[in-house]
Amino acid sequence: MSRTENGTGAERARQDEPDVSVAANPFTESINARLAETLSALESVTAGMAKAKAELSRATHVVRSRDRAVEATVGHQGQLLDLRFLDNKYRTMSSTELAASVLEAVSRARDSMSRQVMSTMSPFTRPLPGTQAMEGMDIDWAELFGPGVLEDPETAMDKANARLRDEIDEEREE
């Protein structure tokens, strides 16, 4: 066994002591400070993500169709949890009108939930303080949830309702 592998007690003690030249180096201090800041920011983001995930897992959205005939409830993943037909209005509606009301209520509820997910998660899509944005790491919300999620809720629903009304009118004409 060589002397450097085993070493004496004094040599081992010196090896365990921090190198004074490293500790006093301003470059090393700067890196250590930035690393500590980044780790602190990462811990904060991790805690925030856990809180956001818990908040979203309990979230639901309830929306009524504009004709007040249908009420849809969706969960945090946009899944349909409940569908209610209100005030027996469905009895006087054609199947196409009822279908349009159901689609409208469900679509509006899903869009509302998507907007809540975007709002809750958008702070976590930004780069950490002191870091640069990484190319290709942006979230394309429109691709994820559909283009309507980026539109004003009223504008998006007006477009969807216009299409549904056109289809209803076409069916009546036939």
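The following legends describe close-up views of a predicted model.

**Figure 1. Overall arrangement of the predicted chain.** The secondary structure comprises seven helices and three strands. Read from the N terminus, these elements follow the order α-α-α-α-β-β-β-α-α-α. The chain has 174 residues, of which 25% count as buried. Its accessible surface amounts to about 12500 Å², and carbon and sulfur atoms contribute 53% of that area. Of the contacts between residues at least 6 apart in sequence, 56% join residues at least 24 apart.

Figure 2. The strands form an open antiparallel sheet in the order β1-β2-β3. On average, neighbouring strands are turned by 10 degrees against each other, direction ignored. Strand β2 (residues 70-75) runs antiparallel to β1 and is joined to β1 by five bridges. Helix α5 lies across β1, β2 and β3, and runs at about 35 degrees to β2.

Figure 3. R64 stands opposite E71 of β2. These two residues form a salt bridge in which the closest N and O atoms are 3.1 Å apart. The side chain of E71 also meets that of R84 in a salt bridge, with an N to O distance of 2.8 Å. This second pair links distant parts of the chain, since E71 belongs to strand β2 and R84 to strand β3, 13 residues apart. Through shared partners, salt bridges join R64, E71 and R84 into one network. Side chains of opposite charge can pair when their charged atoms come close.

**Figure 4. The salt bridge between R66 and E104.** A search of the whole structure finds four salt bridges. In the bridge between R66 and E104, the closest N and O atoms are 3.6 Å apart. The pair links distant parts of the chain, with R66 in the loop between β1 and β2 and E104 in helix α5, 38 residues apart. R66 is partly exposed, with a relative accessible area of 35%, whereas E104 is buried, with a value of 6%.

Figure 5. D87 is found in the loop between β3 (80-85) and α5 (95-121). Its phi is near 55 degrees, a positive value in a residue other than glycine. N88 lies in the loop between β3 and α5 and has a positive phi of about 55 degrees, although N88 is not a glycine. D87 counts as exposed because its relative accessibility of 67% is over the 50% cut-off. N88 counts as partly exposed, at 44% relative accessibility.

**Figure 6. A nonpolar patch on the surface.** L35, L39 and L42 form this patch, and together they have about 270 Å² of accessible area. L42 is placed in helix α4 (residues 26-57). With a relative accessible area of 42%, L42 is partly exposed.

Terms used
Residues are numbered from 1 along each chain as its sequence is written. This is a predicted model: local features need pLDDT of at least 70, side-chain atom pairs count only at pLDDT 80 or more; totals for chains, interfaces and linings use all residues. Side-chain values use heavy atoms; hydrogens and water are left out. Helices (H or I, at least four residues) and strands (E, at least two) are DSSP runs, numbered from the N terminus. Buried means under 20% relative accessible area, exposed over 50%, partly exposed in between (1.4 Å probe, protein chains only). Contact means heavy atoms within 4.5 Å. Accessible areas come from the Shrake-Rupley method with a 1.4 Å probe; for residues, only the protein chains shown count as cover. Two strands pair if DSSP finds at least two bridges between them. Axes are lines fitted to C-alpha atoms, for helices over the stretch in contact, and angles run from 0 to 180 degrees between N-to-C directions. Patches are made of residues with over 30% relative accessible area and no salt bridge: like charges are joined within 9 Å, nonpolar side chains (Val, Leu, Ile, Met, Phe, Trp, Tyr) within 5 Å.
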